[in-house]
Amino acid sequence: MQGFVDFIQGFLDLGATVILPVAIFLLGLFFGQKPGKAFRSGLTIGVAFVGIFLVIDLLVNNLGPAAQGMVERLGVELTVIDVGWPATSSIAWASVVAAFIIPLGLVVNVVMLLTKTTKTMNVDIWNFWHYTFMAAMVYAISDSIIQGLIAAVLFQIVCLKVADWTAPMVSEFYELPGVSIATGSTISYAPGIFLVKGLQKIPGVKNWSADPDTIQKRFGIFGESIFIGLFLGAAIGALAGYNAGEIIEIGMAMAAVMVLMPRMVKILMEGLMPVSESAREWLNKRFGDREIYIGLDAAVALGHPAVISTALILVPITVVMAVILPGNAVLPFGDLATIPFIVAFIVGAARGNIVHSVIVGAIMIAISLYIATDVAPIFTEMATNANFEMPEGSAKISSIDQGGNIVNWLIFKLFSLFN
C-alpha cells in the first residue's frame, strides 16, 4: 500500500504542467483525434501552464514577503499560522486514505458523466488533493477509511455540480468556452455569487462601479491593466514598509502579472479548443446533442485583470481583518497569494466590478478565517501525524484555502455528528 501511495505522490509531484498535458493527450486520442494533433494540444496546454505557473510564482514570491512585512509592521500576534496550500496538500497526501482518492475520483466523474448528473469532465487531477484533505480530516476523527472516502466523494460531487452551474459564467465573462472550474478552493467561494447578486440590488451600492474598462475610459492610458498592476503593487510595497527601490520592484512585478497572465491563458485555449470540439462531436454522435465541459485549474481565470486587481486589494484587507475580527486566531500568510483563485467566481458574478468583488470577497474571507480557526486543532493533529515540520513559534496551524473551505467544513461537521 505504501508503495502505491509513494507512486501516486511521485506522479502528483510532477505538477499540472505534466499531468494536464498527459490527460489532454489521452482524452484527444479517446475522442478520435489523430496522435499528432492530440499530442500538439497536450503540449500546447503544458506550455501554457508552465507560463501560468511562472507568472503565479512571480505573484507569490512578491506577495509573500510583502504580507510578512505588513504583519510585522502591525505587530500581529495570533496563535494559528496559515501555512498555505502547499503544506496543506502535503499533509493530505500523507494520509492513509490518499492512495484511493485518484482512482475513486475518476470513477465517480465517469459515472456522473454517464448518468448525466454532471457535464464536467474534470482533467484537473492535480487538484484532487482537496478531496484527499477532506477524506483525511474525516479519517482523523473516525479512524474509518470508508467514512473518509464517502466524505471525499461528497466533496467531489459538490465541486462538479458547482462547476456545471458556473460554467456559463466562465464561458461568457472569462471567454473560456467549453471550460468549467472544479478547483476545491474556488468552489468554496461560490456562495459569494449570491452575495454579489444581493449587493447589486441595494440602492446606491449597486451603482458603485469600477471595472477595468470603466477605469481605462476614465483614466486613459493610466487606466490600463499594466498601470493598475504597477499602482497596486507599489501600494502593497508601501504598506509593507519597503524602501523606494523595493516598492518599484514589486510594482513592476505586479504590472508584469497583469500583462503576462492573459497571454498565457490565450495559449491555453489554443491547445484546449481542438480537444473540446472533438469531445463535443464524439458525445453528440453517441448521446445526441449534449454539452460537455473540460474541468481545469482555476488558474485559467487569472487572466482577467479584475481578478488580480481584486486580489491585490484584498491582501492588506485580509491582514487587517485578521487583527480586528473578534474570535479569529489565524494569522494569514501562506494563502494570501491564493486569493486570486478564491475570488474568481465572485469577480465573474460581479462582471468585473472591482468594488463589489472586494466587498463580497472580504465577507467570504472573514468567514474563512473563522472556519480555519475552528478546524485548527484537527488540522494541527493531522500535521503532527504526518511529521510535518511546524513553523517556528507556532502552537497551531491551519490554512485559508482548505482549512477555511466552507464546503469542507460543512461535510466535516456532518461526519463529526457521528463520531
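Colleague: A nonpolar core is a set of buried (under 20% relative accessible area, 1.4 Å probe, protein chains only) Ala, Val, Leu, Ile, Met, Phe, Trp, Tyr and Cys residues joined through side-chain atoms within 4.5 Å. Which residues touch the most other members of the largest one?

Modeller: Phe 49, Tyr 174, Leu 296, Ile 339 and Phe 345, out of 140 residues in that core. The model is predicted, so local features need pLDDT of at least 70 and side-chain atom pairs pLDDT 80 or more, while totals for chains, interfaces and linings use all residues. Numbering starts from 1 along each chain as its sequence is written, and side-chain values use heavy atoms, without hydrogens or water.

Colleague: Which helix gives the largest share of this core?

Modeller: Helix α12, residues 244-287, with 14 residues. Helices (H or I, at least four residues) and strands (E, at least two) are DSSP runs, numbered from the N terminus.

Colleague: And what does Phe 345 touch?

Modeller: Leaving out residues up to four places away in sequence, Phe 345 has contacts (heavy atoms within 4.5 Å) with Val 162, Thr 166, Met 169, Val 170, Ile 181, Thr 186, Ile 187, Ala 190 and Ile 193.

Colleague: New topic. What is the strand order in the open sheet?

Modeller: β2-β4-β3, 3 strands with parallel pairing. Pairing takes at least two DSSP bridges.

Colleague: Why is one side of β2 and of β3 left without a neighbour?

Modeller: β2 (120-122) and β3 (179-181) are at the edges with a single partner strand each, so one side of each has no neighbour in the sheet.

Colleague: How many bridges join β3 to β4?

Modeller: 3, and β4 covers residues 293-296. Opposite Val 179 is Ile 294 in β4.

Colleague: Last one: which residues of α13 meet α16?

Modeller: Among them are Ala 306, Ser 309, Thr 310 and Ile 313. The α16 residues they and others in α13 meet include Ile 354, Ser 357 and Val 358.

How values were computed: Buried < 20%, exposed > 50% of the residue type's maximum accessible area, 1.4 Å probe, protein only.
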